[in-house]
Amino acid sequence: MEYNRCGKSGLLLPQISLGLWHNFGSVDDFENAENIAKEAFDKGITHFDLANNYGPIPGSAEENFGKIVQRNFKGFLRDELLITTKAGFKMWEGPYGEWGSRKYLISSLNQSLKRMQLDYVDVFYSHRPDPNTPIEETMAALDFAVRSGKALYAGISNYNAEESAIAIDVLQKLGTPCVVHQTKYSMFERTPEQGLLDVIGQKGIGCVAFSPLAQGLLTNKYLKGIPENSRAANPNGYLQSSDVTEEVIQKINALNSIAKERSQTLAQMAIAWLLKEERVTSVLVGASSINQLNDNLESLKSLNFSSEELQKIEAILK
């Protein structure tokens, strides 16, 4: 595992980080989650990413991860972990349970620390911009979180290019620089290329890419359509069956052919494709098993693309 500098900060992130959005909640097998986390650390993944509402139920991923830390990473090992969490989406009922007010963000961080049994997190993110709260208030809350010692660094997530530029400048003036932006980015989600990556590069901010496999589309799972028990087959999931069109299936198969020529799976190539972008610091992957985690890590063995390969990929993605 190599570690990339997070923008111009002193913080280093592993090329691949582990996201706990799925598979670490109260409905999941705790022993499996614990084994995944231990395997990740043994393979050099130091960065574990959470949010207050990860579960289900909301908050349970943080509770379970806190148990994992207490059972496996106490003492000096805590200093070898980079633990991040976020607040912004709905966490509890009532007027103070979501968005970007100082009231919500600080309350949420206090709750997160209690659930994880931690004194501090390494990065605290504003999970999304709040159209009804001044960005100065939201950023001041991040500044307070860092100055209080409850977080070591501040970050933002799901902010567009214009919003990011403003937030980064506000934090800079407050004296707590924004060190990282977490954004959805994959072969099928190219929005960050429409200005956000330029802002990140110009401002010297790190970038963590989440959903690199487009909720499973960029795997071999959908090569022949929608299988049973897949995310797209679940009407309540983020990936809907309407997303898996005939055109998408054709693109997946064409990309898979290139991956085979590279002696990679489609998922491995999709992760490698993101890491070729020098402004991407780390790619955030999820894993439901140790095997899946290690399969994703295999992408690090072949990160280079020829110009011909990149041209073929672009032609498919147009």
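Is Thr183 buried or exposed? This is a predicted model, and the close-ups below start with that residue.

**View A. Thr183 and what surrounds it.** Thr183 is buried, because its relative accessible area is 7% and the cut-off for buried is under 20%. You'll find Thr183 in strand E8, which covers residues 178-184. Who touches it? Skipping the neighbours within four places in sequence, Thr183 is in contact with Pro192, Leu196, Cys207, Val208, Ala209 and Phe210.

**View B. The barrel that E8 belongs to.** Eight strands make a closed barrel here, in the order E3-E4-E5-E6-E7-E8-E9-E10, and the pairing is parallel. Going from one strand to the next, the twist averages 30°. If you're wondering what links strands like these, strands of a sheet pair through backbone hydrogen bonds, either parallel or antiparallel.

**View C. Where E3 meets E10.** Zoom in on strand E3 (residues 16-19) and strand E10 (residues 282-285): the two run parallel and are joined by three bridges. Look for Ile16, which stands opposite Val283 in E10.

**View D. A nonpolar patch on the surface.** Now for the outside: Met1, Tyr3 and Leu12 form a nonpolar patch on the surface. Together, these residues have about 250 Å² of accessible area. Leu12 sits in strand E2, made up of residues 12-14. Leu12 counts as partly exposed because its relative accessible area is 41%, which falls between the 20% limit for buried and the 50% limit for exposed.

How values were computed: Residues numbered from 1 in each chain as written. Predicted model: local features only at pLDDT ≥ 70, side-chain atom pairs only at ≥ 80, totals over all residues. Heavy atoms only, no water. Pairing = 2+ DSSP bridges. Helix = DSSP H or I, 4+ residues; strand = E, 2+ residues; numbered from the N terminus. Axes fitted to C-alpha atoms, helices over the stretch in contact; angles between N-to-C directions. Patch = residues over 30% accessible without salt bridge, like charges linked within 9 Å, V, L, I, M, F, W, Y side chains within 5 Å. Areas by Shrake-Rupley, 256 points an atom, 1.4 Å probe, with all protein chains shown as cover. Salt bridge = Lys/Arg side-chain N within 4 Å of Asp/Glu carboxyl O. Buried < 20%, exposed > 50% of the residue type's maximum accessible area, 1.4 Å probe, protein only. Contact = heavy atoms within 4.5 Å.
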